[in-house]
Each structure stands twice: as C-alpha cells, then as structure tokens.
Amino acid sequence: MKDKKEFRFVYGPVPSRRLGRSLGIDPLPFKTCNYNCIYCQLGHTRTMTNERSEFFPLNEIMDEVKRAITLKSQNIDFITIVGSGEPLLYSRLGELIRSIRDITDKPLALITNGSLLYRDDVRDEVLDVDVIIPSLDAANQELFKRINRPHKDLRIDRIIEGMAEFRRRFKGQMWIEVMLLDGLNDTEKPLLELRDAIELIRPQKVQINLPIRPPAEEWVKPASSEGVMRAKAILGRAVELIGPQIGDFDLTGVSDITDAIVEIIKRHPMNEKELIKTLKKFAPMDVRNALEKLEREGRARKIEYSGMTFWTYVKSRYGRKSR
Ligand code: SF4
C-alpha cells in the first residue's frame with residue numbers, strides 16, 4: 001500500500017546545476033504552460049494557457065512544503081519554485097513566496113520562462129525571491145515563435161521590456177538562461193539581437209544551456225562548440241556555460257523503487273546509467289527490473305536521442321517529425 005503522505009507538489013532535493021541541492025516546488029498540473037518550446041524536455045505542452053489560476057490549493061502545497069522542510073532541512077541548499085510547466089501561471093504565487101519566507105531562511109529561487117513579467121502584478125509578486133532565472137532564447141518575434149511556440153497573446157518585445165522593468169526594482173540575482181540551438185539562435189544575427197535585449201535587461205549573469213536530454217522535437221540539436229564560442233563572444237562578459245549536474249536525488253520518504261523512478265523521470269528524461277547511479281540505494285538489477293515493469297505497465301517509455309536511450313515519463317509526448 002502507498003504511503004498516504006507521499007509528496008505531490010514537492011520533490012527532491014535534487015542536484016541542480018546552479019543551485020546545489022534544490023528542494024523543488026511544482027504548483028502546476030503536468031505540462032501546463034504558455035510556451036510549447038521545441039526543446040522542452042517534458043515534451044509537448046498539454047495545456048496551453050495564458051490565464052493564471054490556482055491550479056492546486058495553496059494550503060495543500062504549503063502543508064507539503066512544511067513537511068519537506070522539517071524532514072529534509074539538512075539536505076537543502078535552495079528552495080526552488082519550478083513548475084512542470086510555467087510557475088508564473090500559478091495565480092497565488094505571491095502568497096506562496098511569502099508563506100515560504102515565513103517558515104524558513106533558506107534562499108528561494110524561481111525558474112521561469114519570464115513571459116508574464118510584462119504584467120505589473122506579476123512583477124510585484126515575485127520581487128521577494130533571492131534568485132530568478134528567466135529564459136530568453138530569441139529577441140525577435142519570428143524566432144521567438146519558432147523556438148518557443150508561445151501563446152498567441154505573447155509578444156517578445158513586451159516580455160523583454162517587462163524583464164528590464166523587473167530588474168530595475170529587483171534586489172536579488174537575475175540570471176538569464178539562453179537555450180542555444182544549432183542553426184536557430186547560434187548564428188550572428190539572433191545573437192546580436194539577444195545581446196541588445198540583454199544589455200537592456202542588465203542581468204548579473206547570462207547562462208548558456210544546451211539540450212542534453214530528449215527535446216520535444218527530435219530534430220532539435222544543441223549548438224556546436226563553434227556556436228557556443230560565438231555566443232560567448234557576442235553575448236559578453238557575464239556569460240557562462242552551465243555544467244553537468246552533481247550529486248544524487250534525495251528520495252527520503254520514497255521506499256518503492258517504481259515510485260522512485262517515476263518521481264525522477266517526471267522531472268526530466270534520464271538514461272539507464274544515470275538512473276542506476278542516482279538510485280544507488282537500490283541494486284542495479286532491481287532498477288532494471290523495475291524499468292521493465294514500468295514499461296510493461298505503460299508507466300514509462302524509452303526514447304532515443306543523441307545515440308542514447310532515455311527513460312521518459314509516460315505523459316510526456318515527443319514529436320518525431322522533421323522540421
Ligand atoms: S521549456 Fe519551460 S517554458 Fe518551454 S514549454 Fe517547457 S515548461 Fe514551458
């Protein structure tokens with residue numbers, strides 16, 4: 001029988017490439033977003049919306065956050081609001097941030113696509129985090145539509161202005177993340193446009209990321225080393241390439257191996273080797289058997305990317321057509 005007190009909205013701490021051991025808070029139904037990025041590692045957006053909503057009751061999310069902090073405090077470097085979709089769409093995000101502040105001194109981060117920062121009310125709500133990591137992959141509307149496939153109401157020029165306005169008032173760290181894609185935003189023109197946008201926003205850092213896990217569309221490829229060098233040269237001094245993850249997932253409270261695997265691949269696809277390493281509290285043979293069982297039961301799927309086999313969450317949908 002399953003533990004009645006399993007977590008739905010909180011996971012980890014997980015090793016984060018930028019934030020150390022990060023306790024994730026996910027206030028959204030799976031893949032609810034106002035973008036449908038071609039590189040999204042969670043697959044295609046299932047609910048495309050630009051309407052903010054209290055998808056789950058705030059008090060239920062906070063009950064879990066309190067429980068997780070009590071149980072795992074020693075292992076947490078950061079608390080990170082990061083949806084399996086876009087967290088700015090959670091209509092009680094400001095209250096969620098304040099409630100977390102009331103119960104812990106741990107630093108708080110928000111990982112977002114930044115799309116709703118053009119709204120005054122949304123900017124006000126998120127001013128109190130310590131670190132905000134918005135993404136920005138293109139600075140012209142045509143390329144924005146090609147890469148991020150946004151909700152029809154979204155305009156990249158308004159989003160960039162909103163990010164700049166937010167940065168003027170924000171006292172914490174703002175790190176812009178650019179997903180660098182081969183042949184799309186790694187050539188001179190889009191990079192020069194991004195540089196102008198970044199100069200306007202003035203974040204403390206710009207972080208280049210590459211799609212190292214299966215993207216929503218199979219044809220998406222990471223920028224080559226030449227593309228990365230070009231981006232570093234054009235985007236300027238504060239640019240860094242994000243390195244690989246370190247450490248293990250904290251699976252405290254998860255005793256069933258299949259639940260442990262689902263918990264991990266729900267956050268992003270993983271190959272078998274990584275899974276065995278991460279699940280070192282279980283024997284490798286048990287992990288393999290559990291993966292086969294999950295596949296038989298239709299709870300996990302295998303997909304190929306970059307010559308490797310990845311295990312993915314069964315609700316993730318990936319495109320297999322060429323562009
Ligand atoms: S990468 Fe982020 S913003 Fe893009 S579709 Fe996925 S969840 Fe939404």
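Here is a short walk through the model, one selection at a time.

Before you click: this is a predicted model, where local features need pLDDT of at least 70, side-chain atom pairs count only at pLDDT 80 or more, and totals for chains, interfaces and linings use all residues. Residues are numbered from 1 along each chain as its sequence is written.

**Stop 1: the ligand.** Select Cys33, Tyr35, Asn36, Cys37, Cys40, Leu42, Thr45, Gly85, Glu86 and Asn113, the residues around the ligand (near means that the C-beta atom, placed from the backbone, lies within 6 Å of it). By class, that shell holds five nonpolar, four polar and one charged residues (nonpolar covers Ala, Val, Leu, Ile, Met, Phe, Trp, Tyr, Cys and Pro; charged covers Asp, Glu, Lys and Arg; the others, Gly among them, are polar).

**Stop 2: the eight-stranded sheet.** Switch to cartoon and follow S1-S2-S5-S6-S7-S8-S9-S10, an open sheet with mixed pairing. Strands (E, at least two residues) and helices (H or I, at least four) are DSSP runs numbered from the N terminus, and two strands pair if DSSP finds at least two bridges between them. S1 (10–16) and S10 (239–241) stand at the edges with a single partner strand each, so one side of each has no neighbour in the sheet. Neighbouring strands here are turned by 25 degrees against each other on average, direction ignored. (Axes are lines fitted to C-alpha atoms, for helices over the stretch in contact; angles run from 0 to 180 degrees between N-to-C directions.)

Now pick S6 (residues 108–112) and S7 (residues 131–134): they run parallel, joined by four bridges. Ile111 has Ile133 as its bridge partner in S7.

**Stop 3: the three-stranded sheet.** Show S11-S13-S12, an open sheet with antiparallel pairing. Its edge strands are S11 (270–271) and S12 (300–305). Helix H8 (residues 257–265) lies across S11, S12 and S13, at about 100 degrees to S13, while H10 (residues 284–296) lies across S12 and S13, at about 105 degrees to S12.

Stop 4: Most residues other than glycine have a negative phi, and most peptide bonds are trans. Zoom to Gly12 and Pro13: a cis peptide bond joins them, with omega about 10 degrees. Pro13 lies in strand S1. Finish at Arg149, whose phi is positive, about 40 degrees; Arg149 sits in the loop between H4 (141–148) and H5 (156–169).

Terms used: Two residues are in contact if their C-beta atoms, placed from the backbone, lie within 7 Å.
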